[in-house]
Amino acid sequence: MAVSVARDGGVPGEVLNAWARIRKNLRESAGARLFEQWLKPIELGDSDDATAVRLTLPSAFTANWVRNHYADRLLQEFRHAVPAIRAVSIEVRSAAAPVRAIVAEEKPEPAKPAAVPADRPALDSRLTFDRFVVDASNRVAFNAARALAEPGVPRFSPLFLHSATGLGKTHLMHAIGHAYLAAVPDARVILMSAERFMFEFVAAIRANDTHGFKNRLRSADLLMIDDLHFISGKKPTQDEFFHTINELTAAGKRLVITADRHPHGLDDVEARIVSRLSMGLVADIKAPNAELRRALLDHRLGELADVKVPSDVLDLLALKITGSLREVEGALNRLVAYAQLTGEAIDLDFAQATLGDVLRGGTKRITIDEIQRAVSAHYDLKPVDLVSARRAVVVARPRQIAMYLAKRLTTRSLPEIGRKFGGRDHSTVIHAVRRIEELRGSDHEIDGAVKALIRQLEG
């Protein structure tokens with residue numbers, strides 16, 4: 001065994017500077033919610049090996065998650081920023097004193113890995129075409145992205161993708177990079193945000209090296225610029241951007257641009273840039289409906305080993321979280337993480353307690369009276385039938401469905417719900433809720449009716 005000692009303050013300055021830039025890139029690509037929950041707690045650990053970086057997290061759970069989802073991305077980022085880096089370890093942060101013994105088995109000196117090309121982008125390994133969930137709202141954008149990633153002469157360029165935040169623009173951009181590099185491994189691919197484009201251009205001017213900046217970008221086989229709207233009103237940057245896209249399109253190179261709106265809707269962006277962007281293919285990604293949100297949850301859940309989330313909880317997330325797909329995925333990650341940390345089973349009550357305001361935000365308040373009217377109309381009954389003493393199945397089953405919806409869609413207590421249904425006991429409500437939950441798993445007609453009623457009430 002070999003033992004080496006690392007002390008606080010033992011992190012080289014170039015690694016510290018690189019880590020600051022990498023954290024900024026991670027925040028941009030992952031989104032605020034995922035970054036705050038999983039990536040922000042990462043800290044640099046000391047290392048006496050100039051070719052290795054140690055990253056630490058506060059728990060084994062978070063370390064495993066980052067290791068499984070971001071190990072390759074972090075290694076690529078550090079290699080790009082500091083070419084001498086050859087390894088990145090992700091460990092649990094010790095609460096011990098500043099002096100730490102790092103114990104490792106002695107191993108033969110490994111062969112030096114091949115150098116990573118300077119313009120190899122730091123692509124997120126999770127953001128591939130296989131993991132992109134497709135429906136009518138994003139199919140054109142998805143098919144266009146796949147077409148642009150194919151080798152050979154591109155059918156169109158540039159590709160301009162636009163949508164609100166968190167709907168998949170960045171995912172498709174990374175997927176294009178993965179697919180194109182898989183088909184053309186030696187290709188020069190550059191991915192950067194418009195903000196970074198501006199920063200590097202200004203830095204090149206100050207360093208009197210605009211020639212190097214121009215050559216690097218214009219020699220790319222595939223150039224991808226995220227969030228173009230950030231250069232609005234910045235004329236020198238727009239001038240350079242215009243000449244860059246002119247050079248690339250004239251040379252038959254691939255260019256992908258994203259923004260939060262159509263090119264003609266970009267404020268303070270020069271007309272000549274808008275014209276060039278419009279010459280390629282412009283594809284939008286529309287807001288997802290509940291079906292797409294549910295499909296995304298099913299897809300992501302299928303990637304999590306040994307994790308069980310009941311169907312009614314997934315329905316709840318898909319119906320209640322109506323913002324971006326990133327928020328939907330973040331809610332599932334949070335739910336699973338809390339369940340694993342606490343050892344509790346995931347059910348509706350656990351989801352409500354864990355996600356709280358995330359589930360309640362932006363949804364209208366639904367009353368039991370509204371539920372009774374909707375259920376009565378659906379089954380061609382009178383609202384009074386649901387509160388009557390009639391026990392015929394044609395009345396009893398809709399009554400149970402109405403009680404189930406009242407428990408799920410309102411904040412009323414079980415006794416309150418029982419009173420609204422003809423003064424019934426809370427145990428009757430519990431029985432109704434459990435019965436409908438069972439039937440939803442075996443009776444497609446009842447499950448379809450419940451889903452239709454939920455959409456109607458929450459619409």
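This is a predicted model: local features need pLDDT of at least 70, side-chain atom pairs count only at pLDDT 80 or more; totals for chains, interfaces and linings use all residues.

Q: What makes the D315 and R294 pair a salt bridge?
A: The term asks for a side-chain nitrogen of Lys or Arg within 4 Å of a carboxyl oxygen of Asp or Glu. The structure holds 32 salt bridges.

Q: Why is the D315 and R294 pair said to tie parts together?
A: Because D315 sits in helix α11 (residues 311-320) and R294 in helix α10 (residues 290-302), the pair links parts that are 21 residues apart in sequence. Helices here are DSSP runs of H or I, at least four residues, numbered from the N terminus.

Q: Why is D315 called buried?
A: Buried means under 20% relative accessible area, exposed over 50%, and partly exposed in between (1.4 Å probe, protein chains only). D315 comes in at 7%, so it counts as buried. R294, at 16%, counts as buried too.

Q: How do you know whether D447 and K451 form a salt bridge?
A: Their closest N and O atoms are 3.4 Å apart, so the pair passes the cut-off. D447 and K451 are four residues apart in helix α20 (residues 444-458), about one helical turn. In general, an α-helix has 3.6 residues a turn, so residues three or four places apart point the same way.

Q: What makes D447 and K451 buried, partly exposed or exposed?
A: D447 has a relative accessible area of 15%, so buried is the word. K451 has 36%, so it lands in partly exposed.

Q: Which residues are linked with D447 and K451 in a network of salt bridges?
A: The network also takes in R294, D298, D315 and R440.

Q: What covers the buried residues of α15?
A: In helix α15 (residues 368-378), the buried residues include I368, I371 and V375. What covers the buried residues of α15 includes α16 (383-387), α17 (393-409), α18 (414-420) and α20.

Methods: Residues are numbered from 1 along each chain as its sequence is written. Side-chain values use heavy atoms; hydrogens and water are left out. Helices (H or I, at least four residues) and strands (E, at least two) are DSSP runs, numbered from the N terminus. Contact means heavy atoms within 4.5 Å.
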